[in-house]
Amino acid sequence: MLNTPYHIDQNPHKGNRGLARAWHAAKNSWCGLVYAFMEESAFRQELTLFALLTPVAFFLPISLLEKALLVSSLVMVLVIELLNSSVEAAIDRISFEHHDLSKRAKDFGSAAVMLALFVAALLWAAVCIPVILKL
């Protein structure tokens, strides 16, 4: 345990405020998206799914709320994939050696992505099946 308490002024990464903070956050976010696209095949696959299905959601004869739910479910898959990739990167930063806790952390992230995909599929089925049955 540390004897000296932490204060935010000790952190050199917390100095930006206002527009400078927003600018740096936007740059970091963009870099994260680029890294994910370049290095994570699962992210590219899910981004492809997003790119293909988002126009479908807008052309379906459904309410605006249903369109928002469909697109939001795809965005959530991407968000959770990014979080999973960040866990994997942090674990790999620590060590490439096999460790049961490292495997467990990576498996938890993978399970989160799987559940997000399941929720997205469930929403798409719930919205699209009635539309298809009306045709």
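Biologist: What makes up the largest nonpolar core here?

Modeller: The largest nonpolar core has 10 residues: Ala57, Leu60, Ile62, Leu70, Val71, Leu74, Trp124, Val127, Cys128 and Val131. A nonpolar core is a set of buried Ala, Val, Leu, Ile, Met, Phe, Trp, Tyr and Cys residues joined through side-chain atoms within 4.5 Å. Helices are DSSP runs of H or I with at least four residues, numbered from the N terminus. This is a predicted model: local features need pLDDT of at least 70, side-chain atom pairs count only at pLDDT 80 or more, and totals for chains, interfaces and linings use all residues. Residues are numbered from 1 along each chain as its sequence is written, and side-chain values use heavy atoms, with hydrogens and water left out.

Biologist: Why is cysteine 128 called buried?

Modeller: Buried means under 20% relative accessible area, exposed over 50%, and partly exposed in between (1.4 Å probe, protein chains only). Cysteine 128 has 14% relative accessibility, so it counts as buried.

Biologist: And why does cysteine 31 count as partly exposed?

Modeller: Because its relative accessibility is 35%, between those two cut-offs.

Biologist: How many disulfides are there?

Modeller: The count is 0, where a disulfide is a pair of cysteine sulfur atoms within 2.5 Å.

Biologist: What about asparagine 84, buried or exposed?

Modeller: Asparagine 84 is buried, because its relative accessible area is 7%. Asparagine 84 sits in helix H3 and touches Lys106, Gly109, Ser110 and Val113, not counting residues up to four places away in sequence; contact means heavy atoms within 4.5 Å.

Key:
Helix = DSSP H or I, 4+ residues; strand = E, 2+ residues; numbered from the N terminus.
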